[in-house]
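Look at the structure first, then read on.

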Amino acid sequence: MSHGSALPVASLGAFRRMRGWAVWQTPRSFRAYLLAVEVVAVLVIAHYATHTSLALHDVILFLTLLGCAVLTLEALRRSGEPTGLFTDLEAAWALPMAFLLPPLYVLLAPIPLTIAQQLLIRRTAPYRRLFSVAAIGLSYAAAALVFQHLAQGRLSLTVLAHRPAQTVGIMLLAGVVYSLVNTVLVVVAVRLMSPEATLRQFLFDRETRKLELVEITSGVVVGVLASVSAAIVPVALPPFLLLQRSVLHEQLRSEARTDAKTGLLNAAAWNREAERQIAHAARTDESLAVLLLDIDHFKLVNDTYGHLVGDQMLKAIATAIQEEVRTYDVAGRFGGEEFVLFLTDADLVRAHRVAERVRDRIAALVVAPAGVDPVQVTVSIGVSMFDSDGTDLTELLASADVALYRAKAAGRDRTCFASDRV
């Protein structure tokens, strides 16, 4: 899902897992919310349509910016869309409309751009595209109102020349408003669809914020160019296409390390990071712990509720693990229903405390998909300690696996250590 769409965090949340779902399979409150946003967007468009006079200069600038946005989509199609979070730099071309044109134009711009996304990038359920059009349009309109109110009019070369720093600051602020409005609209939709989704996923994801900054600052640059002349706007296309390629390259590198379903490190990437930490600990005599987690009776969840619900549970567990450990602890998914956690600077007491906290948090998780009963699971955890249970990664994983087997044999939903010390 494009970062430029109204659902920028799909790789983190429910909307990617909803692929293929019919709208009538979603919760009623979710459908009502989507309809409300779309109705508001239509009413706002109707209001501005009756209060906006079309000017040839405005139409030419609108079509020029729109054409550049479509060309970036075509370039994205040719280079190949990554499966996770990415940017099509749509806001780089649409935000200038908020600075330079009446709000009607930014309300209408998402319509042709969304059609282009549907045709060039990926076909998606129509109700999701309709919501994207409405949410993006309202977000851009909010940016336009903020900029034109604070700048006391639309952006022009004269305004920029007289108050350059202040004008650019207002442009950046308007871009932030666009991002905030868009995020709020999406968060409400995702929470209505998947109540287990957390605000941390949307508000504090570093990669999402980085891509938003790229789009907003790019939009400011294009806005400055467009204030000079619509004719020079296409000059920005080559560097922006190169920027987009650079962002995509970084995303592809990230995908090579990341498990698509959970967002955690995949097994290979986790192994590399763990081995690096072990080598460091061997030199500094640091205490380390390896936790191997296995979801109890996960096959029963898939067989009873389907793999879509199973994927929701995997994501919820991954989020719970990340929220219960420090940022420099290393969490990964080993495949299937197994997760692994590497605790740096952790002695026996801390390893036990973290394991129990994670186990209790997961036991309290509730995944409530539409149309089925709420689903809960437990996990069994095996723990091994560096040095006493092994001095390399292979030995530590083997010891943790033995402890995990004992936890399952003892009745599941418990933590066991490789050595019976806790």
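## Labels and their cut-offs

Q: What makes D329 and R350 a salt bridge?
A: Their side chains meet at 3.8 Å, N to O. A salt bridge is a side-chain nitrogen of Lys or Arg within 4 Å of a carboxyl oxygen of Asp or Glu, so the label applies. D329 lies in the loop between α15 and β2, and R350 in helix α16, so the pair ties together parts that are 21 residues apart in sequence. Both D329 and R350 are buried.

Q: What kind of model is this, and how are its residues numbered?
A: The model is predicted: local features need pLDDT of at least 70, side-chain atom pairs count only at pLDDT 80 or more, and totals for chains, interfaces and linings use all residues. Residues are numbered from 1 along each chain as its sequence is written, and side-chain values use heavy atoms, with hydrogens and water left out.

Q: Why is D259 called buried?
A: Its relative accessible area is 14%. Buried means under 20%, exposed over 50% and partly exposed in between (1.4 Å probe, protein chains only), so D259 is buried. R333 is buried too, at 10%. The side chains of D259 and R333 meet in a salt bridge of 3.1 Å, N to O. This pair links distant parts of the chain: D259 is in the loop between α12 and α13, R333 is in strand β2, and they are 74 residues apart.

Q: What makes the pair of W270 and F334 edge-to-face?
A: The centres lie 5.5 Å apart and the planes make 85°. Rings of Phe, Tyr and Trp (its six-membered ring) pair if their centres lie within 6.5 Å; planes under 30 degrees apart count as stacked, over 60 as edge-to-face and the rest as tilted. The pair therefore counts as edge-to-face. W270 is in helix α13 and F334 in strand β2, 64 residues apart. W270 is buried, at 0%, while F334 is partly exposed, at 28%. W270, F334 and F342 form one aromatic cluster.

Q: How many aromatic pairs does the structure hold?
A: It holds eight. Among them is the tilted pair of F99 and F147, at 5.1 Å centre to centre and 50° between the planes. F99 sits in helix α4 and F147 in helix α7. Both F99 and F147 are buried.

Q: How do you know that β1 and β3 pair?
A: Two strands pair if DSSP finds at least two bridges between them, and seven join β1 to β3, so they pair. They run antiparallel.

Q: What makes β1 mostly covered?
A: Eight of its eight residues are buried. L288, V290, L292 and D294 point one way, and A289, L291, L293 and I295 the other way. In a regular strand the side chains alternate between the two faces of the sheet.

Methods: Helix = DSSP H or I, 4+ residues; strand = E, 2+ residues; numbered from the N terminus.
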